[in-house]
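Subject: Structure for your review

Dear colleague,

Please find below the structure that I am handing over to you. I would be grateful if you would read the notes under it with the structure open.

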Amino acid sequence: MDFSLSKEHEMARTLFRDFAETEVKPLAQEVDETEEFPRGTVAKMNKLGFMGIPVGKEYGGQGCDTLTYAMCVEELSRVCGTTGVIVSAHTSLCAEPIKKFGTEEQKQKYLVPLAKGEKLGAFGLTEPGAGTDAAGQQTKAILDGDEYVLNGSKIFITNGKEADIYIIFAMTDKSKGTKGISAFIVEKGTKGFTFGTKEKKMGIRGSATYELIFVDCRIPKENLLGAIGKGFGIAMTTLDGGRIGIASQALGLAQGALDSTIAYVKERKQFGRSISKFQNTQFEIADMATKVEAARLLVYKAAMAKDTQKKFSLEAAMAKLYAAEVAMEVTTKAVQLHGGYGYTREYDVERMMRDAKITEIYEGTSEVQKMVIAGSVL
Amino acid sequence: MSLQDYKGILVFAQQFDCQISGVSYELIGKAKELAADLDTEVMAVVLGEGVKSLADSLVAYGADRVIVVDDKELKEYTTEPYTHAMVSVIEKYKPEIVLYGATAIGRDLAPRVSARVKTGLTADCTKLEVDAETKNLRMTRPAFGGNIMATIVCPDNRPQMATVRPGVMQRANKDTKRTAAIEELNLEFAKNNNYVEVVEVIKKVTDKVDIMDAKILVAGGRGVGSKENFKLLQDLADAIGGEVASSRACVDCQWTEKEQQVGQTGKTVRPNLYFAIGISGAIQHLAGMEESDLIIAINKDETAPIFDVADFGIVGDLNKIIPQLTQKIKAEIANK
Amino acid sequence: MKIVVCIKQVPDTNEVKLDPVTGTLIRDGVPSIINPDDKAGLEAALALKDQLGATVSVITMGPMQADAVLREAMAMGADDAYLVTDRAFGGADTLATSTTLAAALKKINYDLIIAGRQAIDGDTAQVGPQIAEHLNIPNVSYAEDIKVEGNTVIVKRQYEDRYHTVKVQMPCLVTALGEMNTPRYMTPGGIFDAYRSKEVTIFTRADLDVEDSTIGLKGSPTKVAQSFPKSVKAAGVKVTMDSEDAADYIVEKLKEKFVF
């Protein structure tokens, strides 16, 4: 078992790190303060193929493995949690289900532009009454001739309004419970599909989080993704992959906070010496560094499992659970080690702490991850 | 043909628009010192069209012999005709040493000549000395981005060739009463496949003083923060009678012009007074200014390497210090 | 059109520090990069490839680990690569290096050779023009811009206070300035292609038609007599004070030193 990265993966990390440091980091604070979606950055990532890393070349993607994709999200998140989640939601939650469950026509029509970065993707499962209880879908899709008619709403949708292509889950047969949920591909601009509230959030403030509203929204029946009634399974499988993306985001945030803190404690002097000389600081940092490395191993293992195993839900859940908790702990400690300065926006650790919190909640709360893990282990 | 057959020091006297570049005089100045150690003469060669009259100033600054090659193919610098001319001069006069300015011309011409003549070339020398025993030229130059110095010798090939940056050597005093032999060398310039065509000559329009001529420089680095903020430095420069210069980082960000860049890939300066403001002091920058007589550094990072070469270093915020400094300097000058 | 770009793997001299105790260079852990002027030359070549459909090869002379810069160049879009490597080439000055590279280039087809103006470790700017001399082709140095029209290369050639627009016929060699462009990033897919589907051809001593006397240490007319760290100027005075006091302090020092 070789824990070292291949030369290709090392070079990929260098690419993502250089891009993040040069193009993303200088804007991170402004994106957070203005809450503006970083379109310029996304345009640059589109051109470099960052939006289609694990999609095969035959569909316009980069043809790389999940680990490479995870490293991209990690490095972006290390400097900007917002930018990391944009790539993650687009890739894991929109491109991936089309890749896995789409027909050839759907792949040509939707996956190719998503992978090439010509279109941005999003995933709409959560509703006001259906969060952790995802099966409680109220949005309906009724077949009417050659079209499905959608009615309902989704909330907390990442890349909302910015995205062109949405994977939307809706109830096609209420009597069948979870087996009555189906998945659909819906394009922005479709009549009857509008956007409601933009959420004001604690963190990842540049990420566009919107309410989606469907009022007699008609979509061609060819836009059914996968078989009818199989939507819930599609959502769960998709979220398994999405968890790897979020775990990578959490890992990146933790690493970024750790790096900032190491630099700060070497510089900051109190009582005549730099605070890195005090044992408390040293012990805290040792603890943080160890946890980040442990998180990394879980995340990378999950990424590799996705490519090599049929089922990887357990690995993904463990990675997400642990990385998110580490991110919260490490970013909080980072603020503490920065002292008063850590609480000001002059330093980036307070933003990282605010960004980290959501990783314990979305794409399955930590509690849900525990349910998955317990379900597998017991 | 043995090494002993090569005698004399040849200086390539660069000219633009029939004006000798300052570095040529500096090289002659240095050549005179070397010639004294070698008990030999200093020759200068000037290439161009209509350049015969330039020989006089070369003599005035110390050349013992001037060789002029005047041809229309030499009007504007291109590699092949100039290489052909230099090689012909070297073959005829057999100098033991040839010096060129390390300029946009010299750093193209000298290598091509060295490859044709199959001899050694050492670039960007900061020190040239004659070895007392071997009488070989010892050429010292920075390497590794200026992190180390290397002394190079070319013991078995002739001529020994070196390029020297402008502003490093000192020109001798001008003596218009001096006389020396001025020889015109007629060469044939037959176009071959190595000839290129200069279609256009575009001069850069600038009314800025060359920072290499300034006695006081107010230089800014990344710490200045923006193009607009350079105004603080301009105000200080205006008050104290200096010019604004910068590190490479500012040129890359387009806060300042390339002509203002000090450093390894910019200009080497030796002003009387150098303000290093918001400059960290990377080796590449120091290489261009550490010979300044008096260096005053202002930086908010007390670990910045610039403080290792500054005579006086202030750890503080340039945005607060510079405006106050400008005010006080204006007051001082007004009171005189 | 076939473009060959000469690149060099160099330590990132921006990151190299001096050991404060011994005065020697700390080379450990300093990342290796593609020499910046060469990378700009590579970008210029790739732009011509985008525009005119040229093929772009990269070549480097160095130890086996220089393979990394060839892979990076291919990850950016170069089509194939050549690594010129052999103990026999070691210890070479610029003349011997250019002789070796020229011999390697003779084995490859080229219309346009692009090299960086200078490397950040050697800083000589000599190898480019010397290669052109060995190959008996025209060279134009200090290019701020490179265009191609038919068989003609049009170069914006930089001088201190002016530019020349120069036309040169292929085959020819041009040296590129780092400031001429912003090199593109690699792409993730490009990285995997570079390692898994693109080729690096290795040239050793046996592959090149050169005399022993012209390569390596033997082929180097210049020799290093001595190398030593820069003598450290004695550190001056460093003070921390509030801005008004600082301004007064500076004025006082300027007066002391007769600036006024």
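This is a predicted model: local features need pLDDT of at least 70, side-chain atom pairs count only at pLDDT 80 or more; totals for chains, interfaces and linings use all residues.

Contacts between chains

I begin with chains B and C. Here 70 residues of chain B are in contact with 67 residues of chain C. On the side of chain B that touches chain C, 33 residues are nonpolar, 21 are charged and 16 are polar.

Strands of these two chains also pair. Strand β13 of chain B, residues 197–203, runs antiparallel to β11(C), and six bridges join the two. One of the residues involved is Lys203(B), whose bridge partner in β11(C) is Arg162(C).

Chain C also meets chain A, in a contact made by eleven residues from chain C and 15 residues from chain A. On the side of chain C that touches chain A, α2 (67–76) and α5 (188–196) each supply at least two residues. The most comes from α5(C), which gives five residues. By class, this side of chain C has seven nonpolar residues, two polar and two charged.

Features of the backbone

As background, most peptide bonds are trans, and most residues other than glycine have a negative phi. The following places depart from one or the other of these patterns.

In chain B, the bond from Arg158(B) to Pro159(B) is cis, with omega near -5°. Pro159(B) lies in the loop between β10 (148–153) and β11 (160–164) of chain B. In chain C, Met170(C) and Pro171(C) are joined by a cis peptide bond with omega of about 0°. The loop that holds Pro171(C) runs between β11 (162–169) and β12 (172–176) of chain C.

Two residues of chain B have a positive phi. Asp17(B) is not a glycine, yet its phi is positive, at about 50°. This residue is found in the loop between β2 (15–16) and β3 (19–20) of chain B. Asp17(B) counts as exposed because it has 11 C-beta neighbours inside 10 Å, and the limit for that class is 12 or fewer.

Lys135(B), also a residue other than glycine, has a positive phi near 65°. Its place is in the loop between β8 (127–130) and β9 (137–143) of chain B. With 13 other C-beta atoms within 10 Å, Lys135(B) is partly exposed.

With kind regards

Terms used:
Residues are numbered from 1 along each chain as its sequence is written. Chains are lettered from A and ligands numbered from 1 in the order in which they are written. Helices (H or I, at least four residues) and strands (E, at least two) are DSSP runs, numbered from the N terminus. A residue is buried if 20 or more other C-beta atoms lie within 10 Å of its own, exposed if 12 or fewer, and partly exposed in between; C-beta atoms are placed from the backbone. Two residues are in contact if their C-beta atoms, placed from the backbone, lie within 7 Å. Ala, Val, Leu, Ile, Met, Phe, Trp, Tyr, Cys and Pro count as nonpolar, Asp, Glu, Lys and Arg as charged, and the others, Gly among them, as polar. Two strands pair if DSSP finds at least two bridges between them.
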